[in-house]
Amino acid sequence: MKKLLSILALSALFAASSARATLIDLTEFDQTIGTNGAITFDAGTAFLSGTATLTGDVVNLTSFAWNFSTPDYLPFDDYAWVRLAGTPYTLSSVGSLGNTDDNSSTTGWQTYSFDTPFTGTIQFGVANRVDDDVASTLAVRDVVSTPVPEPSTYGLLGGLVLLGLVLRRCRKA
Ligand SMILES: [Ca+2]
C-alpha cells in the first residue's frame, strides 16, 4: 500500500514538474491583411507577406521561430516586427539585410527566446515601405509555450504527500 502511494506521489510530482512545452496553433490568431498582403498557413507555419499582421494572446510563451525574406531593395525598406504587449521590436528589414545583387535576401530561420516566459498580446507583422510593390515575407513557426501545472495537480500532489506522512506516522506508532 505504501509502495503504491509512493509511486503515485512520484507520478504526481513528475507530472507537476515536467509541464510539457506545447505548440500554439497560429491559425487561432487574428489576421489582418493590409495593402498587397496575404497570410497563408502551411503545417503550423504562417507566411505573412506584403503588409499583414497576426495577433493573439499567449500564456507563458518561451520561444518562436521566424524568417524574414525580401526581394525588395533600398530605399524600399520593408521590415518585420514582433509587438509584445504593445511594445514593438524590429526583427529585420531590407536595410539591415542589405541590398543584394539578385534582389533576394533572407535571414534564414531564427529563434526568438524569452528570458522570462511572456504572457500577453503578441503581434507578428511585416510591412511595405515607401510603396506597396514587391512584397517581403515574414514566416513564423514553432510558437512554444510552457503551461503552468493546474491547481488540481498541486492539490493531488499535496494530498498524496499528506497521506504518505500520515501513513508513515501510523506505522511508527
Ligand atoms: Ca516592398
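Two strands are taken to pair if DSSP finds at least two bridges between them. Within this pairing, Trp-81 has Gly-125 in S9 as its bridge partner.

The structure is a predicted model, in which local features need pLDDT of at least 70, side-chain atom pairs count only at pLDDT 80 or more, and totals for chains, interfaces and linings use all residues. Residues are numbered from 1 along each chain as its sequence is written.

The protein contains 3 helices and 10 strands. Helices (H or I, at least four residues) and strands (E, at least two) are DSSP runs, numbered from the N terminus. Along the sequence, the order is α-β-β-β-β-β-β-β-α-β-β-β-α. Two residues are in contact if their C-beta atoms, placed from the backbone, lie within 7 Å. Of the contacts between residues at least 6 apart in sequence, 73% join residues at least 24 apart.

Strand S6 (residues 79-84) also pairs with strand S7 (residues 87-93). These two strands run antiparallel and are joined by 6 bridges. Tyr-79 stands opposite Ser-93 in S7. The hairpin of S6 and S7 has 2 residues between the strands. There, Ala-85 takes a positive phi near 50°.

Burial was assigned from C-beta atoms placed from the backbone: a residue is buried if 20 or more others lie within 10 Å of its own, exposed if 12 or fewer, and partly exposed in between. By this count, 27% of the 173 residues are buried. A nonpolar core is a set of buried Ala, Val, Leu, Ile, Met, Phe, Trp, Tyr and Cys residues joined through C-beta atoms within 7 Å. The largest such core has 25 residues. Those with the most contacts inside it are Ala-46, Leu-48, Leu-54, Trp-66, Leu-138 and Val-140. Strand S4 (45-49), strand S5 (52-70), S6, S9 and S10 each supply at least two residues of this core. S5 gives the most, with 6 residues. In soluble globular proteins, nonpolar side chains tend to be buried together.

Leu-138 lies in strand S10 (residues 137-145). Leu-138 counts as buried because 29 C-beta neighbours fall inside 10 Å. Beyond four places in sequence, Leu-138 touches Leu-48, Trp-66, Phe-68, Ala-80, Phe-124 and Val-126.
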